[in-house]
Amino acid sequence: MRSISFLILTLAFCQGLTAQQVNWLQHVGTTMHDIGSAVDLAPNGDVVVVGYYESGTPMDFDAGPGVYNYGDFGLFIARYAPTGEVLHVQHCMSSLDHGFTTYPPGKEITMRCAPVSGNIYIAGDSDVGTGDLRVIKTDPLGNLLWERDYYLGPNSDTRWRAMDVDSLDNVYIAGDLEGTVDLDPGTATYNLSSFSTDFFITKLDSAGNFAWAVQNGDFFDTDNAASICVRDDSTFFLLTSESDNDVVGVYEYGTDGIMHWRVPITSQGGVGAYAIDLDNEGNIYIHVNCITQMDMDPFAGVQYFNGWTDAIAKY
């Protein structure tokens, strides 16, 4: 039997980009498939991990000499102190795992902690009934507050890609759209349609009510969302891979869904867009990959990275 354990790392550069030593590491797992799907920081500095395990026996979430056994299979939300000690684990049994499919690999979930309330938002593929996508909100200890399902039909390949939350607990979810999809999880209908693959963004308020949804992309090309980052309660940034993986797009949107600007970063083909984030001064950082040549300066200058290179750029 194959074991996939998850690792939790806190790096000094996550808190200021001033050093790169490992502060601590947690390594836990069973003899079966254990998947750590997402990690985020709570407002008080605790580390929150969401994942799935299927051992059939309780898993010890304490990697030290102590024992913190919990559950035997299904979705888990684990909370660790800034110094690495396990604080709390919320386990949801298989039939009550909020409907998320996390195995086999590729059926992944994304998670964010609200920056003020500390409430936890989780989005991913659903395996309950005919629902294909699901979003849930829990309190800081993982107790369910609400859930929303999206019913996409058997021929849709629409999926979530990234999510972030503002200080008012509004949630913004970016994903890939194929075919026609109703992005209002309530009783009303709000359809978006795509001939090939477009990226989309949708917003739910703190109570899980639909606010808006927008899409963008070329009619014939494949355009994928990669990462989303809320700056404040009025704007957020989006990172995309566009034009059949020839272009990385950096966007600023208002929290009303109106696009403010787009900056393209061009290559000779084969780019991958992974993450976008901000520092406390509002500078933008992106993580991309390119298998050919890519100009990382989208303005007057030229800053090339050659093939098979990962790059982190600041703007």
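Predicted model: local features only at pLDDT ≥ 70, side-chain atom pairs only at ≥ 80, totals over all residues.

User: How is a pair of aromatic rings described?

Analyst: The description uses the distance of the centres and the angle of the planes. For Trp160 and Phe200, the centres are 5.9 Å apart and the planes stand at 55 degrees, so this pair is tilted. Trp160 belongs to strand S13 and Phe200 to strand S15, so the pair ties together parts that are 40 residues apart in sequence.

User: Is the pair of Trp212 and Phe236 stacked or tilted?

Analyst: Trp212 and Phe236 are stacked, with 6.4 Å from centre to centre and 15 degrees between the planes. Trp212 lies in strand S16 and Phe236 in strand S18, so their pair connects parts 24 residues apart in sequence. Both Trp212 and Phe236 are buried. Ring pairs also join these two with Tyr172, Phe199, Tyr251 and Tyr253 in a cluster.

User: Which residues touch the most other members of the largest nonpolar core?

Analyst: In soluble globular proteins, nonpolar side chains tend to be buried together. Here the largest nonpolar core has 20 residues, and those touching the most other members are Tyr121, Val135, Tyr150, Trp160, Val171 and Leu183. Strand S14 gives the most to this core, with four residues. Another core, of 19 residues, lies apart from it and includes Ala226, Ala273, Ile286 and Met294.

Notes. Residues numbered from 1 in each chain as written. Heavy atoms only, no water. Core = buried A, V, L, I, M, F, W, Y, C linked by side-chain atoms within 4.5 Å. Buried < 20%, exposed > 50% of the residue type's maximum accessible area, 1.4 Å probe, protein only. Helix = DSSP H or I, 4+ residues; strand = E, 2+ residues; numbered from the N terminus. Phe/Tyr/Trp six-rings, centres within 6.5 Å; stacked < 30°, edge-to-face > 60°.
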